[in-house]
Amino acid sequence: MTDQDSQDMRASRPFSVRPMGERFPALGDGYQPLGDAPEGGEPPAEGQPASTAPVEAAAPNGHSRDPVFILRETGEILFANCSLGDRTEDEVIGTNILDWVPADQHDGIVKVLELAFETGETQRLELSGLQRNTDVAWYDCRVTPNVRDQKVVSATLVAHDITQYRQTLERLEVSQRELEQTLEERTADLARANAAMADEDRTRDEWAGEWARFRALMDQAGEAIFVTDPRTERVIDVNETAARWLGRMPNDVIGARLHELHLEFPVQPPVEVELEWTETRDTRRPLVLRGTHRRVDGTSFPVEVAVARHTLGAEQFVLAVARDMKGRVDAEVRLQESEQRFRGLFEQCWDAIYLTARNGEVEDINSAAIELFGYTREEFVGLDARQLFARSMDIKRFQVQMKTLGAVGDLEVELLGKDGVSFEALLSATWRPTVDGTIQGYQVIVRPVGLPVMTATASNAPEQKTERTRPSPALSAESKLSGTVVIAKGSAGDLADAADALFAAGMRVLTADTQEAAIELLHMHGESIDAAVFDADQVGGGLREALEEARRYAPDTGIIVVTEDEPVEIAESVADLGIQTILRKPIHPLALIQKIREL
């Protein structure tokens with residue numbers, strides 16, 4: 001391009017251009033970025049066209065000016081008062097404003113230009129930088145339409161450098177975020193501190209409530225409680241019961257030395273026990289001591305004291321709990337007296353008695369048993385009681401009857417003495433219950449058959465020996481339990497226990513599952529059957545027919561009917577058949593045995 005072409009181009013431009021080489025600072029002082037008019041001027045009145053003269057934004061002090069561009073609607077730069085990048089002002093003219101801003105801001109510039117040309121109103125936007133240098137810069141841009149003949153022919157873009165303002169704003173925003181985060185953290189810390197304080201208050205209140213409850217319970221306890229210092233022998237604390245025993249107020253007792261209280265029961269371990277504790281360091285189990293408490297009125301009662309030493313932190317204390325044991329002492333005396341009376345009766349009884357454990361081991365015997373069996377007391381204690389039986393069948397009968405009836409009464413057995421000679425005897429036994437009701441063994445009474453009765457002697461008379469001879473092997477006819485019993489027990493087995501009990505009582509028992517089988521037994525054995533037991537509930541509506549048939553085969557046999565119904569109704573229906581007994585369920589085996597014996 002020739003110099004003449006350049007001069008012609010400049011002459012054709014509608015705006016003046018500053019001489020080349022003159023530069024403007026990037027940012028002027030005292031700029032107000034949100035204003036719509038240059039400082040010291042007013043915006044054009046409504047309806048008045050904007051000036052078409054080149055716009056130069058100058059700071060009040062005249063030291064700095066803002067970059068000014070006049071743009072076509074397409075963004076082409078018609079005028080520039082500053083250089084951009086490595087281009088001079090004249091070289092910037094003719095380029096597009098979009099060439100000098102970041103690509104992500106092109107849409108914003110295009111939209112602002114369109115609005116300015118369409119509406120004829122000033123628009124506003126921010127640019128993150130004009131490519132004048134490599135530094136990051138921010139500009140507050142005001143786009144003002146230029147009107148000629150009531151038509152927008154161009155737009156003036158004044159870019160005010162607000163980099164320092166934005167950086168300051170960003171720093172303030174960062175600072176604000178940091179302050180907000182710090183506030184949140186401090187608020188959270190405060191909330192946690194408040195929660196911790198609330199927990200501490202709640203815990204303190206709970207501890208206070210627990211302590212008040214514990215103290216109230218201790219004061220209401222029937223035992224007197226003393227807490228003492230083992231080094232100084234001073235009272236650290238007492239409950240209301242202890243103070244009441246001493247006839248003083250608790251505050252008068254606390255702090256006093258033990259010898260000042262004149263106690264006749266120990267609240268600290270004796271010296272020898274204290275030495276043992278010191279050597280073994282065993283303070284887990286309390287030491288139980290006894291003494292006497294004397295009331296203010298002079299009366300007294302026995303006291304039992306549980307003394308234990310405890311270490312709390314670096315301090316040691318002795319806890320003593322004293323309780324009135326007058327009732328227990330009286331009970332012990334009564335128990336001793338009762339035991340003496342039992343022992344006297346046990347030893348003076350003419351019948352032989354021995355006590356066993358559940359496994360049959362002999363635990364105690366009386367003098368009559370020693371004399372009857374010929375063992376010494378040392379030999380008898382610990383002996384297996386089964387060695388006293390001559391026949392294993394008798395042991396089985398004893399066990400069955402004890403299991404089913406809970407007792408044995410006059411069971412015919414054959415026993416053995418130490419010399420191996422057997423003798424017939426009647427054996428009776430009962431359970432030996434413990435305090436809690438469990439079974440700990442048996443109490444057995446042996447009454448030999450045919451031996452002369454021992455003559456009792458006075459307790460102050462000299463000891464006399466009575467000769468005893470071994471009994472005859474045969475029992476008298478009156479003492480024997482004989483007879484055969486038929487039991488129609490039915491499928492439900494309600495009479496099964498009764499059958500075992502009759503067997504244990506020495507009877508011959510024939511059982512049948514149905515009444516037809518029972519009738520068949522009566523038909524086969526006839527008059528050798530002494531008794532027959534029928535379950536009316538198993539026989540049902542055919543009871544009368546079954547009993548009539550039983551009477552036909554065994555007219556003299558005693559018949560017993562058991563039922564869950566009202567016995568009177570059955571008795572009326574079979575009254576002409578000679579039924580001796582009607583029993584109502586449940587039936588105790590002993591009652592059945594008694595009824596059979598009465599037949």
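Reader: In which loop does Gln150 lie?
Author: In this predicted model, the strand β6 covers residues 139-147 and the strand β7 covers residues 152-161. Gln150 lies in the loop between β6 and β7.

Reader: Is Gln150 buried or exposed?
Author: A residue counts as exposed when its relative accessible area is over 50%. Gln150 has a relative accessible area of 81%, so the residue is exposed.

Reader: What phi does Gln150 have, although it is not a glycine?
Author: Most residues other than glycine have a negative phi. Gln150 is not a glycine, and yet its phi is positive, at about 60°.

Reader: Where is Glu233 found, and what is its phi?
Author: Glu233 is found in the loop between β8, which spans 224-229, and β9, which spans 234-238. Although Glu233 is not a glycine, its phi is positive, with a value of about 55°.

Reader: How does Glu233 count in terms of relative accessibility?
Author: Partly exposed residues are those that fall between the cut-off for buried, under 20%, and the cut-off for exposed, over 50%. Glu233 has a relative accessibility of 40%, and therefore it counts as partly exposed.

Reader: Which residues are in contact with Gln268, leaving aside its neighbours within four places in sequence?
Author: Gln268 has its place in the loop between α7 (258-261) and α8 (271-280), and it is buried, with a relative accessible area of 14%. Leaving aside the neighbours within four places in sequence, the residues in contact with Gln268 are Thr228, Asp229, Pro230, Glu233, Leu258, Leu289, Val307 and Val318.

Reader: What kind of aromatic pair do Trp245 and Phe301 form?
Author: A search of the whole structure finds eleven aromatic pairs. In the pair of Trp245 and Phe301, the ring centres are 5.2 Å apart and the angle between the planes is 80°. Planes over 60 degrees apart meet the cut-off, so the pair of Trp245 and Phe301 is edge-to-face.

Reader: How many residues apart in sequence are the parts that the pair of Trp245 and Phe301 ties together?
Author: Trp245 is buried, and so is Phe301. Because Trp245 lies in helix α5 (residues 240-246) and Phe301 lies in strand β11 (residues 300-312), the parts tied together by this pair have a separation in sequence of 56 residues.

Reader: Why is the pair of Phe389 and Phe398 described as tilted?
Author: Phe389 counts as buried at 10% relative accessibility, and Phe398 is buried with a relative accessible area of 10%. The centres of the two rings are 6.4 Å apart and the planes of Phe389 and Phe398 lie at 50°, so the pair is tilted.

Reader: Which residues do ring pairs link into a cluster?
Author: The structure holds eleven aromatic pairs in total. Ring pairs link into a cluster the residues Tyr354, Phe373, Tyr375, Phe380 and Phe423.

Reader: Over which rings do Arg166 and Arg552 lie?
Author: Arg166 lies at 4.0 Å from the centre of the ring whose face it covers, that of Trp138. The charged end of Arg552 sits 5.3 Å from the centre of a ring, which is that of Tyr553.

Terms used:
Residues numbered from 1 in each chain as written. Predicted model: local features only at pLDDT ≥ 70, side-chain atom pairs only at ≥ 80, totals over all residues. Heavy atoms only, no water. Phe/Tyr/Trp six-rings, centres within 6.5 Å; stacked < 30°, edge-to-face > 60°. Helix = DSSP H or I, 4+ residues; strand = E, 2+ residues; numbered from the N terminus. Buried < 20%, exposed > 50% of the residue type's maximum accessible area, 1.4 Å probe, protein only. Lys NZ or Arg CZ within 6 Å of the ring centre and 35° of its normal. Contact = heavy atoms within 4.5 Å.
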